[in-house]
Amino acid sequence: MSEDRALSELSRLLSIMARLRAPDGCAWDQEQDFTSIAPYTIEEGYEVAEAIARQDRPALKDELGDLLLQVVYHAQMAKEAGDFAFADVAKSINDKMIRRHPHVFGEDAARDAATQIEAWEVQKAAERAERAETGTLSGVAVNLPALTRAAKLTRRAARVGFDWPDAASVLDKLEEEAAELRAELPRAEPSRIADELGDLLFVLANLARKLDLDPEACLRGANAKFERRFGVIEARLAAEGRSPADASLEEMEAHWQEAKRAERL
């Protein structure tokens, strides 16, 4: 696709969005605001990630379009409010990319990937300071998935030396938190149990970070594995004319173990 065609299609999308929001446009689109659209924006980001995980390029094209629409949607609402327009959004990210890559667009020496990550973090810290966001943990978005945010918070803390020395130390902490959760179970106080379970999940996110793993990706993998193996249980039972509701836990566990062994072959 030529640059002219890309600009033409983007201009067309901006026009479509403006038309939908016009007084004689779509009633549903007219009623939306930043708050009501935000969940869709988050959802579209996940659908992009899902298409990538499936290596489904046609779906990825469609999902990227849906995500782009979200940017255009928010920009149109901001334009209507007199705050900013799509061009300002594009300029903001253009300026940021140039500012954060002086080794490409400026006079700085070439950098390897590791050096660039370090420089990027220094630049981001300076940008947070300019926005008067003080504190090591400032600027970590509250609405991130909780496991992702936990990993980001601990990564920030680790940069100033507040960190375990190795993954084995985090595992020791995990055992400590599991023991504290176990101690709360007999009391059966929901708030205390929730507090201890939260601590356990937080340490797990920290462990993933220490192992250079994405906790969200790890959990997505576990979810997919559970769906796959439970699907085997349902298929085996369906072959007998039954459903999981008709089977005992022992039967389902036996099928689960069979599915587990089959995956390892």
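This is a predicted model: local features need pLDDT of at least 70, side-chain atom pairs count only at pLDDT 80 or more; totals for chains, interfaces and linings use all residues.

Me: With which residues is arginine 229 in contact, leaving aside its neighbours within four places in sequence?

Reply: Arginine 229 has its place in helix 11, which covers residues 215–239. Once neighbours within four places in sequence are left aside, the contacts of arginine 229 are Trp256, Ala259, Lys260 and Glu263.

Me: Does arginine 229 count as buried or exposed?

Reply: A residue is buried under 20% relative accessible area and exposed over 50%. Arginine 229 has a relative accessibility of 9%, and therefore it counts as buried.

Me: Which residues form one aromatic cluster with Trp256?

Reply: Trp256 is among the residues in contact with arginine 229. In helix 11, phenylalanine 226 and phenylalanine 230 lie 4 residues apart, about one turn of the helix. The residues that form one aromatic cluster with Trp256 are Phe226 and Phe230.

Me: How many aromatic pairs does the structure hold?

Reply: Rings of Phe, Tyr and Trp pair if their centres lie within 6.5 Å. By this criterion, the number of aromatic pairs in the structure is 3.

Me: What is the geometry of the pair formed by tryptophan 28 and tyrosine 40?

Reply: This pair links distant parts of the chain, as tryptophan 28 belongs to helix 2 (residues 27–31) and tyrosine 40 to helix 3 (residues 34–53), 12 residues apart. The ring centres of tryptophan 28 and tyrosine 40 are 6.0 Å apart and the planes make an angle of 80°. Planes over 60 degrees apart count as edge-to-face, so the geometry of the pair is edge-to-face.

Me: Why do tryptophan 28 and tyrosine 40 count as they do in terms of accessibility?

Reply: The class between buried, under 20%, and exposed, over 50%, is partly exposed. Tryptophan 28 has 41% relative accessibility, and tyrosine 40 has 36%. Tryptophan 28 therefore counts as partly exposed, and tyrosine 40 likewise counts as partly exposed.

Me: How is the pair of phenylalanine 226 and phenylalanine 230 arranged?

Reply: The relative accessibility is 48% for phenylalanine 226 and 27% for phenylalanine 230, and each counts as partly exposed. Their rings are 5.9 Å apart centre to centre, with 15° between the planes. Planes under 30 degrees apart count as stacked, so the arrangement is stacked.

Me: Which residues does phenylalanine 202 touch, not counting residues up to four places away in sequence?

Reply: Phenylalanine 202 lies in helix 10, residues 190–210, and is partly exposed, with a relative accessible area of 36%. Not counting residues up to four places away in sequence, phenylalanine 202 touches Ala150 and Thr154.

Me: What is the radius of gyration of the protein chain?

Reply: The protein chain has 12 helices and 0 strands, and its C-alpha trace spans about 60 × 55 × 40 Å along the principal axes. Of its 265 residues, 24% count as buried. For a compact globule of 265 residues the radius of gyration would be near 18 Å, but the value for the protein chain is 25 Å.

Me: How far apart do the centres of the positive and negative side chains lie?

Reply: The accessible surface of the protein chain is about 17,700 Å², with 58% belonging to carbon and sulfur atoms. The side chains include 36 positive and 51 negative ones, and the centres of these two sets are separated by 3 Å.

Notes: Residues are numbered from 1 along each chain as its sequence is written. Side-chain values use heavy atoms; hydrogens and water are left out. Helices (H or I, at least four residues) and strands (E, at least two) are DSSP runs, numbered from the N terminus. The radius of gyration is taken over C-alpha atoms; the globule rule is 2.2 Å times the number of residues to the power 0.38. Buried means under 20% relative accessible area, exposed over 50%, partly exposed in between (1.4 Å probe, protein chains only). Accessible areas come from the Shrake-Rupley method with a 1.4 Å probe; for residues, only the protein chains shown count as cover. Lys and Arg count as positive and Asp and Glu as negative; His and the chain ends are not counted. The place of a charge is taken as NZ of Lys, CZ of Arg, CG of Asp or CD of Glu. Contact means heavy atoms within 4.5 Å.
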